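Dear colleague,

Please find the structure below, handed over for your records.

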Amino acid sequence: MNNRMKEYRERNGLSQGKLAEKCNVSRQTINAIENNKYDPSLQLAFDIARTLGVTMEDLFISEKGEI
């Protein structure tokens, strides 16, 4: 699953560390998700989207181009 986390994170003026802190995960977890090396749990995906002020559909992109 691809994502637009870095784009939205930077728009919100958040470092990976600050986003991680707000979502109660490590900076390495945020980095791995941004680099498409790790798919977050559903709960974490919702937490990230809520923290960034976007919808899940805007944040995560199916590799097949479908939601």
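I begin with helix α4, where what covers the buried residues includes α1, α2, α3, α5 (56–59) and β2. Helices (H or I, at least four residues) and strands (E, at least two) are DSSP runs, numbered from the N terminus. This is a predicted model, in which local features need pLDDT of at least 70 and side-chain atom pairs count only at pLDDT 80 or more, while totals for chains, interfaces and linings use all residues. Residues are numbered from 1 along each chain as its sequence is written, and side-chain values use heavy atoms, with hydrogens and water left out.

The buried residues of α4 are L44, A45, D47, I48, A49 and L52; here buried means under 20% relative accessible area, exposed over 50%, and partly exposed in between (1.4 Å probe, protein chains only). An α-helix has 3.6 residues a turn, so residues three or four places apart point the same way. Just after α4, G53 has a positive phi of about 75°.

Helix α3 spans residues 27–34, and its buried residues are I30, A32, I33 and E34. Among the elements that cover them are β1 (2–3), α1 (5–11), α2 (16–23), α4 (42–52) and β2 (60–61).

Two residues other than glycine also have positive phi values. N24, in the loop between α2 and α3, has a phi of about 60°. N24 counts as exposed, with a relative accessibility of 71%. The other is N36, which follows α3 and lies in the loop between α3 and α4. Its phi is near 55°, and N36 is partly exposed at 39% relative accessible area.

N36 leads on to N3, as the side chains of N3 and N36 are joined by a polar contact of 3.2 Å. A polar contact is a pair of N or O atoms within 3.5 Å; within protein, one must be able to donate a hydrogen and the other to accept it, and residues adjacent in sequence count only if both atoms are side-chain atoms. N3 belongs to strand β1 and is buried, at 14% relative accessibility. Its side chain also reaches the backbone nitrogen of M5, at 2.9 Å. Beyond its neighbours within four places in sequence, N3 is in contact (heavy atoms within 4.5 Å) with I33, E34, N36, L59, F60 and I61. Of these, I33 and E34 are among the buried residues of α3.

With kind regards
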